[in-house]
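Open the model in your viewer and keep the selection tool at hand. We will go from stop to stop, with a short note on what to look for at each.

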Amino acid sequence: MDVEFAMFAREIMRRSPLYADLCAAIADTSDVLALLDAADVAHRRPVQLLAALHYQVLSDPAHPLRSQYPSTGGQPGPDLVPAALAACRDDADALRHLIAHRNVQTNEVGRSPLIMIGLSHLSPGEPVDLVDLGTSAGLNLYADRYRTTCVDPDGNTLATWGGTDPSLSCVIRSAGFQMPQLVTIRGRRGLDPDPIRSDDHDTLRWLDACIWPDQSERRDRVRAAIATAQSAPPAIDTAHLPGGIDATISAAHTGARTALVTSWVLAYLAPEDRIATIETFTRAIADDDAVALLLESPQECPDLPWPDSASGSRRTEMLAGRRTPSGHVAWEHLGTAHPHGIWFLPL
Ligand SMILES: C[S@@+](CC[C@H](N)C(=O)[O-])C[C@H]1O[C@@H](n2cnc3c(N)ncnc32)[C@H](O)[C@@H]1O
């Protein structure tokens, strides 16, 4: 684990100086590193320990790191590292418990504009029943409702929609991009083995804890989207992919075309489950004229039907599936996206 923490520290230095400093210091300890032994092997990653520590900071109004973490109104100071190491040692039992019983989980509402762009390409101007698989807290089920602006590289507005918080924007990195007529979302339903309910304050705090303390824009977006979800809690079925898809599709159905979406989910599945999921999607497209939109990484999910233009990419690629007029299922690479939806580069 020491090597993993040291490498992670170098990798995130620009994105999160706070976590980079912590990880570099934790790499030189043996007792703090050993806290991760409480996790199953797949979850022994720096972010699992960092999220557990952050959860304690958010939970305890007297936690010594509150004055150092921007998420609780603090600022990192010179004694951040010794204070964090001391907190890990003082709260070791509680940290081990969190590390053993929770897994890092996020819900990136910044992907909502990408979902609207992709679905509008697949069903321009038409209604769809949105089925978000691996939905987490279901925040992207309201992709059409958030106040969103898409702009071209010169800052000219290409499309706007929605009226509720948070405000989102996405730069389309292509001069000639024509925004398709916007899709309408009629039915909406999610599926997740570990759904985060908008009335469950403890798991919402865990979701918050999984956002890095110095990523304030991301935190503000999620907190605003949670407030929106609390006024109309999204319907989420508790199930694993690939099972459960048909039940969620049926429950979402209002008579519109089904739109199946995954965003940063299929990487968490075993290859055989990923393949079975795509087979189910393909069947729904062929038999029921559903459409599918995947925001996934080809490197993490090599067994999806990526065309050569995306194959092997480490980035977030948008893959769209639909039935052709001749009845075949066609998968089309629509472009590359920032993992949190800040920009989209259409093909
Ligand atoms: C990185 S999060 C992405 C959440 C959301 N799609 C987004 O874009 O913000 C991955 C999600 O996949 C879910 N997940 C993990 N294994 C799954 C499975 N077998 N079936 C369905 N969802 C799964 C996790 O619970 C988690 O909510």
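Start by selecting Ile-185: setting aside neighbours within four places in sequence, this residue contacts Val-128, Leu-130, Ala-143 and Asp-144 (contact means C-beta atoms, placed from the backbone, within 7 Å). Ile-185 belongs to strand 5, residues 184–192; helices (H or I, at least four residues) and strands (E, at least two) are DSSP runs numbered from the N terminus. Ile-185 counts as buried because it has 20 C-beta neighbours inside 10 Å. The cut-offs are 20 or more other C-beta atoms within 10 Å for buried, 12 or fewer for exposed, and partly exposed in between, with C-beta atoms placed from the backbone.

A word on what you are viewing. This is a predicted model, in which local features need pLDDT of at least 70 and side-chain atom pairs count only at pLDDT 80 or more, while totals for chains, interfaces and linings use all residues. Residues are numbered from 1 along each chain as its sequence is written.

Next, select residues 2–11 and 17–26, which are helix 1 and helix 2. Their axes come within 8 Å and cross at roughly 160 degrees; the axes are lines fitted to C-alpha atoms over the stretch in contact, with angles from 0 to 180 degrees between N-to-C directions. Helix 1 and helix 2 are therefore roughly antiparallel, a term for angles over 145 degrees. Show side chains here: Phe-5, Ala-6, Phe-8 and Ala-9 of helix 1 meet Ala-20, Cys-23, Ala-24 and Ile-26 of helix 2.

Now colour helix 6, residues 112–122, by burial: eleven of its eleven residues are buried. Among them are Pro-113, Met-116 and His-121.

Two peptide bonds deserve a close look. Asp-165 and Pro-166 are joined by a cis bond with omega about 5 degrees, and Pro-166 sits in strand 4, residues 164–172.

Finish with Trp-264, a non-glycine residue with a positive phi of about 50 degrees. Trp-264 is in the loop between strand 7 (257–263) and helix 10 (271–288). Is Trp-264 buried or exposed? Trp-264 counts as buried, with 21 C-beta neighbours inside 10 Å.

Technical notes
Angles under 35 degrees count as roughly parallel, over 145 as roughly antiparallel, 65 to 115 as roughly perpendicular and the rest as oblique. Two residues are in contact if their C-beta atoms, placed from the backbone, lie within 7 Å.
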